[in-house]
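Colleague: I would like to learn how to read a structure of this kind, one feature at a time. Could we go through it together?

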Amino acid sequence: MAVLTRSTTVNAPVGAVFDYFLDVRKLWSMPDIALADVEVKPDGAGTTARIWSHMLGFHIEGGLEYTEVSRPEKIVVKVNFFLEHPTWTFTFEPVDGGTLVTAQGEWHVSAPAVGGRVEKMMVKEHEPFLDNMMANLKVAVEPKAA
């Protein structure tokens with residue numbers, strides 16, 4: 001297993017930050033990612049979407065599902081691509097009038113001899129993605145809270 005973790009403090013109430021993450025169209029809106037067949041469930045759990053992206057120059061297609069939603073503390077998202085099946089866990093904690101957001105991605109590649117190396121490669125490949133996701137969050141939510 002390989003893990004990628006990032007945390008940031010957002011100057012906005014926990015509810016506003018949680019709602020941003022709950023909206024699959026906002027959270028996964030970034031360059032080189034397209035969403036389709038989005039199905040949003042009222043409480044969040046069971047929300048699904050198809051994802052198209054590129055990795056190492058190849059077009060990849062997969063899906064995501066919000067498998068666990070505990071308002072306003074935690075959201076768990078499972079992503080499924082050809083060789084990649086990370087689980088993303090997002091947690092939200094109130095701090096000094098704002099919100100501490102922690103995002104953690106976990107990769108499990110059960111391929112003998114190469115699984116660990118592939119997992120580490122996936123973590124490295126997703127560092128800019130997660131940094132961008134956290135930066136987009138601050139840009140989108142902080143001005144609205146001001």
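Modeller: Start with glutamate 106, which is in contact (heavy atoms within 4.5 Å) with Met1, Ala2, Val3, His85, Pro86 and Thr87, leaving aside its neighbours within four places in sequence. This is a predicted model, in which local features need pLDDT of at least 70 and side-chain atom pairs count only at pLDDT 80 or more, while totals for chains, interfaces and linings use all residues. Residues are numbered from 1 along each chain as its sequence is written, and side-chain values use heavy atoms, with hydrogens and water left out.

Colleague: Where is glutamate 106 placed, and how many residues separate glutamate 106 from alanine 2 in sequence?

Modeller: Glutamate 106 belongs to strand 7 (residues 98-107); helices (H or I, at least four residues) and strands (E, at least two) are DSSP runs, numbered from the N terminus. Alanine 2 is 104 residues away from glutamate 106 in sequence, yet their C-alpha atoms are 5.7 Å apart. The glutamate 106 side chain also makes a polar contact of 2.9 Å with the side chain of glutamine 104. A polar contact is a pair of N or O atoms within 3.5 Å; within protein, one must be able to donate a hydrogen and the other to accept it, and residues adjacent in sequence count only if both atoms are side-chain atoms.

Colleague: How many salt bridges does a search of the whole structure find?

Modeller: Side chains of opposite charge can pair when their charged atoms come close. A salt bridge is a side-chain nitrogen of Lys or Arg within 4 Å of a carboxyl oxygen of Asp or Glu, and the search finds 7. In one of them, arginine 71 meets aspartate 19, with the closest N and O atoms 2.9 Å apart. Arginine 71 lies in the loop between strand 4 and strand 5 and aspartate 19 in helix 1 (residues 14-22), so the pair ties together parts that are 52 residues apart in sequence. Arginine 71 is partly exposed at 48%, and aspartate 19 is partly exposed at 39%.

Colleague: Is the peptide bond from arginine 71 to proline 72 cis or trans?

Modeller: That bond is cis, with omega near -10 degrees. Proline 72 sits in the loop between strand 4 (58-70) and strand 5 (74-80).

Colleague: What is the phi of aspartate 37?

Modeller: Aspartate 37 has a phi near 50 degrees, a positive value in a residue other than glycine. Aspartate 37 is in strand 2 and is exposed, at 59% relative accessible area.

Terms used. Buried means under 20% relative accessible area, exposed over 50%, partly exposed in between (1.4 Å probe, protein chains only).
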